[in-house]
Amino acid sequence: MQIAENISLKKYNTFGIDINAKHYVSVSDEDELKDVLAQEDYPEKLILGGGSNMLLTKNQDKLVIHVNLKGVSVESETEDYVLVKACAGENWHDFVLWCLERDYGGLENLSLIPGNVGTAPIQNIGAYGVELKDTFVSCDTIEIASQKVKTFTKEDCQFGYRNSIFKQKVKGKYIITSVVFKLTKRNHRLYTSYGAITSELQNMGILNPTIQDISKAVINIRESKLPNPKEIGNSGSFFKNPVISKVHFEKLKLNFEAIPSYPVSDSEVKVPAGWLIETAGFKGKTFGNYGVHKKQALVLVNYGGAKGSDILKLSRLIQKTVKRLFDISIEAEVNIL
């Protein structure tokens, strides 16, 4: 374990923002992580995973700890189910593919989501009718202050829409080191009716899809709409889809007949933030070397050399405009640092 000085974090965040870390260390096992956390010379610490859900806006004086714990294993199984444990540093999509190769079902709709396994529960990542919490069993963590190991059950995590206890009550207090999922081995439950999955499966000529087919359909859809972070800097969806009252929605329909929605409860609906941003005129708009992606208004992009502060400024302009036009507040999904 060696703490490096003055390291660029450009290759460690999917936005590709060239921000400097005064102190940086990569840890590959839990003992190393505990040792680093116990370092009294660096009282302030920033935990870095896959770098996919953050916007870096300034140089970091904190000790940046890159959690690089690796490993995937089967903990137990029956004829119908398997418990799979994945370490925090595993790439999320690679882990999904690992499960699909073994015909373990439950994560296929979450294919090609950027980031690592360890940050997935924090966000309760979701796509195409499925959320992480649907297969989540527990996660092991290390408390930053005490370096003690603590296990969080599904109930402990208090999952909500793109939310968890790790973004609320215990934010910044724990580091997730591994996650356990309960996946199906047979009689897989297929989610094919959400979004464009049905039409994509039809395009593929598939009438009776497998979990592998659904994954491929999701990958096709995402690749057609979303830029590859290796080619264009981005963090995927920058904003959450807002939930509003049905009363508010009906008022909006008077002026915006085409406004889409998805039911949440008897009194609330979810409105796609992408539609709001596109209708506000931002889709495909560029501001020099950054802007809004031409195919997906939810995605803010760095075309090369943009500052995090530039993209933050753009996000606030979008929020202000959406609020003015629709009286809806849209919240950022990404962490602003």
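## Close-up views of a predicted model

**View 1. Strand 2 has a parallel partner in strand 5.** Strand 2 and strand 5 (residues 60-67) run in the parallel sense and are joined over six bridges. Strands here are DSSP runs (E, at least two residues) and helices are DSSP runs too (H or I, at least four residues), numbered from the N terminus; two strands pair if DSSP finds at least two bridges between them. Within this pairing, S26 stands opposite H66 in strand 5. Strand 2 (residues 20-27) also pairs with strand 1 (residues 4-8), in the antiparallel sense and over four bridges. Here A4 is the residue opposite Y24 in strand 2.

A word on reading these views: this is a predicted model, in which local features need pLDDT of at least 70 and side-chain atom pairs count only at pLDDT 80 or more, while totals for chains, interfaces and linings use all residues. Residues are numbered from 1 along each chain as its sequence is written, and side-chain values use heavy atoms, with hydrogens and water left out.

**View 2. The largest nonpolar core has 42 residues.** A nonpolar core is a set of buried Ala, Val, Leu, Ile, Met, Phe, Trp, Tyr and Cys residues joined through side-chain atoms within 4.5 Å. Buried means under 20% relative accessible area, exposed means over 50%, and partly exposed lies in between (1.4 Å probe, protein chains only). The residues with the most contacts inside this core are F239, L276, I277, L300, I318 and I330. Elements that each supply at least two residues include strand 2, helix 7 (246-255), helix 8 (273-279) and helix 9 (308-326). Helix 9 gives the most, with six residues. To look around I330, leave aside residues up to four places away in sequence: I330 then touches F239, P242, A273, L276, I277, I318, Q319 and V322, where contact means heavy atoms within 4.5 Å. There is also a second, separate core of 41 residues, with W98, L107, Y128 and A217 among its members.

**View 3. R186 and D80 meet in a salt bridge.** A salt bridge is a side-chain nitrogen of Lys or Arg within 4 Å of a carboxyl oxygen of Asp or Glu, and the structure holds 11 of them. For the side chains of R186 and D80, the N to O distance is 2.5 Å. This pair links distant parts of the chain: R186 is in the loop between strand 12 (174-184) and helix 5 (197-203), D80 is in the loop between strand 6 (72-77) and strand 7 (81-87), and they are 106 residues apart. R186 counts as partly exposed because its relative accessibility is 41%. D80, at 28%, counts as partly exposed as well.

**View 4. E331 and K240 form a salt bridge.** Their side chains meet at 3.4 Å, N to O. E331 lies in the loop between helix 9 and strand 20 (335-336), and K240 in the loop between strand 13 (233-234) and strand 14 (243-245), so the pair ties together parts that are 91 residues apart in sequence. E331 is partly exposed at 49% relative accessibility, whereas K240 is buried, with a relative accessible area of 9%. Elsewhere, salt bridges that share partners join E131, K133, D134, R162 and E333 into one network.

**View 5. F256 pairs with W275 and with F326.** Rings of Phe, Tyr and Trp (its six-membered ring) pair if their centres lie within 6.5 Å; planes under 30 degrees apart count as stacked, over 60 as edge-to-face and the rest as tilted. By this rule the count comes to 14 aromatic pairs. The rings of F256 and W275 have centres 6.3 Å apart and planes at 90°, so this pair is edge-to-face. F256 is in the loop between helix 7 and strand 15 (262-263), and W275 is in helix 8, 19 residues apart. The rings of F256 and F326 have centres 4.8 Å apart and planes at 50°, so this second pair is tilted. F326 is in helix 9, so its pairing with F256 ties together parts that are 70 residues apart in sequence. F256 is partly exposed at 23% relative accessibility, and F326 is buried at 2%.

**View 6. K182 lies over the face of Y81.** A charge sits over a ring if NZ of Lys or CZ of Arg is within 6 Å of the ring centre and within 35 degrees of the ring normal. K182 is at 4.4 Å from the ring centre of Y81. K270 lies over the face of Y161, at 4.0 Å from the ring centre.
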